[in-house]
Amino acid sequence: MSSEEVSPPQESKETELRRQLGEEVRALQSATDAVDAATADRLGINRTDLHCLDVLTQRESATPSQLGAALGLTTGSVTAMLDRLARLGYLTREPDPHDRRKSVVRATEQIQRGADDLYGPLAEEGAALLERYSLPELELLLDFARRSREIQERHVKRVRDER
């Protein structure tokens, strides 16, 4: 028998790429979190408030109960949050034209402009990055992003339900 050391088998390139991709996704999540934290700080609000504004800038309007469901907040927490954001001029609350017992919440032009100022350069750089990918690559990236989001949403529900 030879006394040569047996080296461990090298990871396959596919295994190594999967590991690197997992690390990059985690790093992306951390970088996104850092941008959101800096943005919330710049606006003088907390992260939940920022998430509320994100929901409102993606929709034309929402009811307080819709916001509570989207953010996982109680009625009292939603009311306090809406009061804070209204005082800062970031949202408006108006009676629902179809049901006067409800209110409709909308992001103001002020916060829409603020979001554009803060996130616009990031969106532009991201759009420029996407220009380098072919149609099949874009379809693959979209599939990965969509499926990754769906996994996250399932696990938010799982974690909340395990309380």
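1. A residue counts as buried under 20% relative accessible area, exposed over 50%, and partly exposed in between (1.4 Å probe, protein chains only). By that scale, aspartate 161 and lysine 157 are both exposed. The two form a salt bridge (a side-chain nitrogen of Lys or Arg within 4 Å of a carboxyl oxygen of Asp or Glu), with the closest N and O atoms 2.7 Å apart. Both belong to helix H6 (residues 135-161) and sit four residues apart, about one turn of the helix.

2. A word on the basis: this is a predicted model, where local features need pLDDT of at least 70 and side-chain atom pairs pLDDT 80 or more, while totals for chains, interfaces and linings use all residues. Numbering runs from 1 along each chain as its sequence is written, and side-chain values use heavy atoms, without hydrogens or water.

3. There are 12 salt bridges in the structure. One of them joins aspartate 83 to arginine 93, with 2.7 Å between the closest N and O atoms. This pair links distant parts of the chain, helix H4 and strand S1 (residues 91-95); helices (H or I, at least four residues) and strands (E, at least two) are DSSP runs, numbered from the N terminus. Aspartate 83 is partly exposed at 29%, and arginine 93 is partly exposed at 37%.

4. Now for the nonpolar core (buried Ala, Val, Leu, Ile, Met, Phe, Trp, Tyr and Cys joined through side-chain atoms within 4.5 Å). The largest has 20 residues, and Cys52 is among those with the most contacts inside it. Helix H2 (47-58) is one of the contributing elements, and H2 gives the largest share, five residues.
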